[in-house]
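Subject: Structure for your review

Dear colleague,

Please find the sequence and structure below. A short account of the findings follows them.

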Amino acid sequence: MGKSLVVVESPAKAKTINKILGSDFVVKSCMGHVRDLPPKELGIDVEDDFKPRYVTIRGKGKVLTELRKAAQNADAIYLATDPDREGEAIAWHVKEYLDEKKLLKDKKIERVVFNEITKKAVTTGIENPRSIEPQLVNAYMARRALDYLVGFNISPILWTKLPGSKSAGRVQSVALRLITEREHEIELFKPEEFWTIVSNFQYDDKLIKSKLSIFAGEKVEKFSFKKKTDSEKALNEIKNQSYKITDVSSKVYRRNPLAPFTTSTLQQTASGKFGFGASRTMQIAQKLYQGIDIEGDTVGLITYMRTDGTQISNEAISDFRSFINKYHGKEYLPEHPNSYKGKKAKNAQEAHEAIRPTDVTRKPSDMKKYLSSDQSKLYELIWNRAVSSQMNPAEFDRKSITIESENKKINFKSNGSTIKFEGYLKVYKFEEKDEDLKNILPEVKVGDKVSIKELIDDQHFTDPPPRYSEASLVKKMEELGIGRPSTYASIISVLSTRNYVEQINKRFHPTDRGKLITAFLEKLFSKYVDYNFTAGLENQLDEITSGKEGWIKVLEMFWKDFNQNVTEVKEKRTREVLDL
């Protein structure tokens, strides 16, 4: 019996899988995509059902030769590329290539996927092969064709009409528009002044910090005091009253644990907590997924990092539950497993589990010595978030005190919280945004008198909307339904490398060129930088995946209008374009 060939995407993954499968298998990596549409001349026949013509990607000839040799000597070929749409497409390309070279005669060729790289997942994957999913491949072809047709047709117009511009991509142009529009809002913003009033009341030897909530019988709003004179007038009235406590109430409130990470929530949280950019987070996660060297064993520490799903496999949930029970005790364990409703899963990419540790008993503290400091931070974050998602809510005692004037026209409120039961916070600490937790209130009774120790009025101005950070841009794109988990990081890095945006203090500022390009596209290709149109197109691509839409039909509908638009713009003179 000859050997079997397993094709994966990266050398690191090849090494891990080779160790797991042993000597009957040869594992080769194809280093990502091997073929693509030609960059220089149009590789899609728009007259003949959008037939694509694929060419070998520069520098991949050697990789293909190696695959060819390995395939010749193998009895069976397993295509084990990543478990998403891109992975499916790469597997399809490799198969097509080997087929063209007449190497598949009498050979078994199978598609296998593993959501995590552990001994169990890999062996189960190899034992349960499937065929390549044509619908996933069609969705890839349609997406690639759309991006290609947009870039191929708009970019040359940009070079001639706006010299020095590199290119325009379908999704990246929409992201650029978000950044540019925000900049415009900031430029037009006029700050408004407002004042707030707080009082520290003396009670025995303790202080009660409180905010003014009712004045002259009216509820205090943000703009109740617009100028210094308004707040000063109020201070004078407040000083002339005597005060007592009219209400003391306390109630228990709960805070539920958060769902385990998806691609975008991981990117957002790692950005907020560690200042990692989206691509850096993805690179670190990829290493954790592909395998880390632990005492001579290569082990995948987390599940696949490109996912929209918040669900976790039943097996992992029961491992988490016994871990929580063992290390934290029964009171931290909910009666039934917590489940999280994500957005409705639209395509295969979203059928994946959330990002979680492959083995919960590999505690972050034990893994530290095998990981770089960035890997260690990210692993701990993923581990904590996943484990805490299966724990009980945290409970707080929230106390509030109301202090009222004799004439009943003025009242102050003070809130304070104490943690009553840690619950999931024992594992996943949240950012201390809760002012209430810092405010410890004294024991008081209704009717007790208090006196004003000091009154403070503060001047504030309204803030312009903030510029996007990587985290908030990913969040916004996700809200609008633009792009997909696997694309966020690359969209963001393209904008920076093309010099359409620059990052200052981790915030995006559009460059002059970026503003120019957005204006150009909004004026001349407005439909194609429209948020709803782009999101609608994403949905159609997802419908191809589920077989509800034909990919050729989607392209036909797109091409008809788009081609007409391109033709019209080409006829405009450069001067006319610049005036617009």
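Phenylalanine 525 touches Ile154, Ile157, Phe520, Phe562, Asn565, Val566 and Val569 (heavy atoms within 4.5 Å), leaving aside residues up to four places away in sequence. This is a predicted model, in which local features need pLDDT of at least 70 and side-chain atom pairs count only at pLDDT 80 or more, while totals for chains, interfaces and linings use all residues. Residues are numbered from 1 along each chain as its sequence is written, and side-chain values use heavy atoms, with hydrogens and water left out.

Phe520 and Phe525 touch the most other members of the largest nonpolar core, which has 143 residues. Such a core is a set of buried Ala, Val, Leu, Ile, Met, Phe, Trp, Tyr and Cys residues joined through side-chain atoms within 4.5 Å; buried means under 20% relative accessible area, exposed over 50%, and partly exposed in between (1.4 Å probe, protein chains only). Helix 5 (residues 134-161) supplies the largest share of this core, 13 residues; helices (H or I, at least four residues) and strands (E, at least two) are DSSP runs numbered from the N terminus. A second, separate core of 21 residues includes Phe201, Ile208, Leu235 and Tyr243.

Most residues other than glycine have a negative phi.

Yours sincerely
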